[in-house]
Amino acid sequence: MSRLSSQTLADLPADVIRPAYDRAAVTCGVVHLGIGAFHRAHQAVVFDDALNAGDLRWGIIAASLRSPSVRDQMTPQDGLYTMLVRDGAAEQARLIGAVQQVIVAPEEPQALLAALASPDTHIVTLTVTEKGYKLDPATGALIESDPQLAADLASLESPQTAPGYLVAALALRRAAGLPPFTAISCDNLPHNGSRLRAAVIALARRHDPALADWIEEEGAFPETMVDRIVPATTADDIVALTRRIGVEDQAMVKTEPFIQWVIEDKFCGPRPDFGAGVQVTAAVAPWEEAKLRLLNGAHSGIAYLGGLAGIDYVHEVLALPEARHFVESLWDEAETTLSPPAELDVAAYRRELMARFDNPTLRHRTRQIAMDGSQKLPQRLLATIAAGLEAGQGIDALALAVAAWVRWQAGQDDLGQAHQVDDPLAGRIGDVLASAASPGSRIAAILAFDAVVPPELARNPLLADALTRWLTVLETQGARGALAAFRQ
Ligand code: CS2
């Protein structure tokens, strides 16, 4: 079976949408750090739109900070891949041509630095996941004990972390008399731009205070809200697409029709004339908070409760009426904590979210969302709980979601199936829980874990009570039992 590539492009079925521009004429104005499926189905599509519109400055040099697998999928395909947009019976296949080169950073650190320091590069986007910023989830301070960050604090010759690459590249740009690039965090973190900026400036200051001052004055780190559901591609997806397009595409991504990117209007250099799906605005925080607390908060609740019940996919969890009731209740609680943007009709947004979660063709795994809970919970559920408690509002559904996360740490679902807890803090959390003998003491141990739970919130007895009550129900009656009890 031949591979998708520039050579095989002409053989594809006519209904596959392809780049409308000459890929050979593109220059790369973007460097992306962390080329996973999300980047390929989100920011890369936005830059591909700009290229299609005729502005050829926005090709992408993408880097993988860890494994070579995406490079090995994409390079034989000349960077081309298919984006499959699915909703019910409707399916659209579009080839994305924006990615011109993929670099595996640990193999070629100097090539990545050269790309970041190139005069053509105007924008650097990042999807390095919550843990890639090397910031404490509860306080936002640099985690100096992290071995990779410690290496970057000692030397930036061959950076190990995303902030390390940015600082080393900004130093090169400054030395060459170039302006900085606009660095855009596209991870689901609150105030992601400010966090990235803080990490970069703190690291720069340790190496060269004058560089840190220059970044502070000249650099730009806009806040963003990114939204598109992108389930991990499976081997079956690749087989089915091969059948459809007649060539094999190992780099394909599958996603939903919905796409949203809200970017703070704070650039220090050129940017494309952004098209559909992108809003450039002065205030991103209200968008980001609504999305994190409604979409992602519900997602995490669905992931842990569904995962514990042994249910594989989000849409299958929502086939249970008691799960829908739980999600609506969580949204009722979260909604009271929001100051949504004037343009956002929250009732319509909730209806649209439920329809997106219900999309049966996406097959979004609960296990995928369950990953890295310690990094996700603070902004998705704990901040919502803190705001709800402060306003004297109910937090029962939010507490059930958090208790399900605690239960997930035991590494076994309600059917007795073992799962791996995929989380950078899994070991430490497991140790803390192992020495606790009852639901109440397990909750006390988790609340004392200040890398995840802010100490002030941990001291609130209402939270400890609600979590203990739900963990007891989860341990004795399972997630299905807890959802049924919640409904009563
Ligand atoms: C999900 C998100 O995996 C997860 O944690 O909640 O990736 C979610 O699909 C996106 O944020 C949607 O924009």
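Entry 1, ground rules. I am working with a predicted model, in which local features need pLDDT of at least 70, side-chain atom pairs count only at pLDDT 80 or more, and totals for chains, interfaces and linings use all residues. I number residues from 1 along each chain as its sequence is written.

I found the protein divided into domain 1 (6-281) and domain 2 (285-487), with bounds from an automatic or database domain assignment. Their C-alpha centres lie 29 Å apart. I noted 22 residues of domain 1 in contact with 28 residues of domain 2; contact means that C-beta atoms, placed from the backbone, lie within 7 Å. On the domain 1 side, strand 3 (81-87) and strand 8 (224-227) each supply at least two of the touching residues. Helices (H or I, at least four residues) and strands (E, at least two) are DSSP runs numbered from the N terminus. That side of domain 1 has 10 nonpolar, four polar and eight charged residues. Here Ala, Val, Leu, Ile, Met, Phe, Trp, Tyr, Cys and Pro count as nonpolar, Asp, Glu, Lys and Arg as charged, and the others, Gly among them, as polar.

Entry 3, ligand. I listed the residues around the ligand, among them Asn188, Asp227, Arg228, Asn296, His299 and Lys376; each has its C-beta atom, placed from the backbone, within 6 Å of the ligand. Helix 10 gives the most to this shell, with three residues. I count the shell by class as three nonpolar, four polar and three charged. Both domain 1 and domain 2 give residues to the shell, so the ligand lies between them.

Helix 7 (residues 192-207) and helix 8 (residues 209-218) pack at about 150 degrees, with axes 6 Å apart. Axes are lines fitted to C-alpha atoms, for helices over the stretch in contact, and angles run from 0 to 180 degrees between N-to-C directions. The two helices are therefore roughly antiparallel, a term for angles over 145 degrees, while 65 to 115 counts as roughly perpendicular.

The axes of helix 16 (residues 396-408) and helix 20 (residues 461-487) come within 8 Å and cross at roughly 80 degrees. That makes helix 16 roughly perpendicular to helix 20. I recorded 16 nonpolar, no polar and three charged residues in this contact.

Conventions: Parallel < 35°, antiparallel > 145°, perpendicular 65-115°, else oblique. Contact = placed C-beta atoms within 7 Å.
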